[in-house]
Amino acid sequence: MTEPIDRPPLPDHLSTDARSPHHVAAVFEHAIGIRFNGKERLDVEEYCISEGWIKVPAGKAVDRKGYPLLLKLKGTVEAYYR
């Protein structure tokens with residue numbers, strides 16, 4: 001009935017910013033979930049599983065080019081397809 005969906009493997013380091021060298025457009029065609037320290041986070045801009053960190057926006061603060069300022073949080077990171 002349902003066909004298996006071919007999804008690319010999730011990379012160790014991934015960014016939502018298209019300007020980043022860690023941006024993989026094929027991964028973003030599917031819904032991705034990030035679990036940080038056992039809780040699901042919906043505001044993750046970038047992550048690295050092997051180094052154990054995520055980057056999230058720092059409120060409404062932006063830099064002079066209009067991009068959000070990011071905070072780096074360290075802990076256990078799990079990435080998965082929803």
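Predicted model: local features only at pLDDT ≥ 70, side-chain atom pairs only at ≥ 80, totals over all residues.

Trainee: What is the strand order in the open sheet of four strands?

Mentor: The order is β1-β4-β5-β6, and the pairing is antiparallel. β1 (13–15) and β6 (68–74) are the edge strands; each has a single partner, so one side of each is left without a neighbour in the sheet. From one strand to the next, the twist averages 20°.

Trainee: How many bridges join β4 and β5?

Mentor: Three bridges join strand β4 (residues 46–48) to strand β5 (residues 53–62), in the antiparallel sense. Within this pairing, Cys-48 stands opposite Trp-53 in β5. The two strands form a hairpin with four residues between them, and Gly-52 in its turn has a positive phi of about 70°.

Trainee: And which residue takes a positive phi in the hairpin of β5 and β6?

Mentor: That residue is Gly-66, with phi near 95°; five residues lie between the strands of this hairpin. β5 and β6 are antiparallel and pair over six bridges. Lys-55 is found opposite Lys-72 in β6.

Trainee: What about the open sheet of three strands: what is its order?

Mentor: Its strands follow the order β3-β2-β7, again with antiparallel pairing. β3 and β7 are at the edges with a single partner strand each, so one side of each has no neighbour in the sheet. The twist here averages 35° from one strand to the next.

Trainee: How many bridges are there between β2 and β7?

Mentor: There are five bridges between β2 and β7, which pair in the antiparallel sense. One example is Arg-35, whose bridge partner in β7 is Glu-78.

Trainee: Where does Asn-37 lie?

Mentor: Asn-37 is in the loop between β2 and β3 (39–41). Its phi is near 55°, a positive value in a residue other than glycine.

Trainee: Why does Asn-37 count as partly exposed?

Mentor: Its relative accessibility is 46%, and the partly exposed class lies between the buried limit of under 20% and the exposed limit of over 50%.

Trainee: Changing topic, which residues make up the largest nonpolar core?

Mentor: That core has eleven residues: Leu-14, Val-27, Ile-32, Ile-34, Phe-36, Val-44, Tyr-47, Ile-54, Val-56, Val-77 and Tyr-81. At least two of its residues come from each of β2 (32–36), β5 and β7 (77–81). β2 gives the most, with three residues.

Trainee: Which residues is Val-56 in contact with, leaving aside its neighbours within four places in sequence?

Mentor: Val-56 is in contact with Arg-41, Asp-43, Val-44, Leu-69, Leu-70, Leu-71 and Leu-73.

Trainee: Now the aromatic rings. How many aromatic pairs does a search of the whole structure find?

Mentor: The search finds zero aromatic pairs.

Trainee: Then what sits over the ring of Tyr-67?

Mentor: The charged end of Arg-19 sits over that ring, 3.8 Å from its centre.

Trainee: And over the face of Trp-53?

Mentor: Lys-72 lies there, at 4.7 Å from the ring centre.

Definitions and conventions: Residues numbered from 1 in each chain as written. Heavy atoms only, no water. Pairing = 2+ DSSP bridges. Axes fitted to C-alpha atoms, helices over the stretch in contact; angles between N-to-C directions. Phe/Tyr/Trp six-rings, centres within 6.5 Å; stacked < 30°, edge-to-face > 60°. Lys NZ or Arg CZ within 6 Å of the ring centre and 35° of its normal. Core = buried A, V, L, I, M, F, W, Y, C linked by side-chain atoms within 4.5 Å. Buried < 20%, exposed > 50% of the residue type's maximum accessible area, 1.4 Å probe, protein only. Contact = heavy atoms within 4.5 Å.
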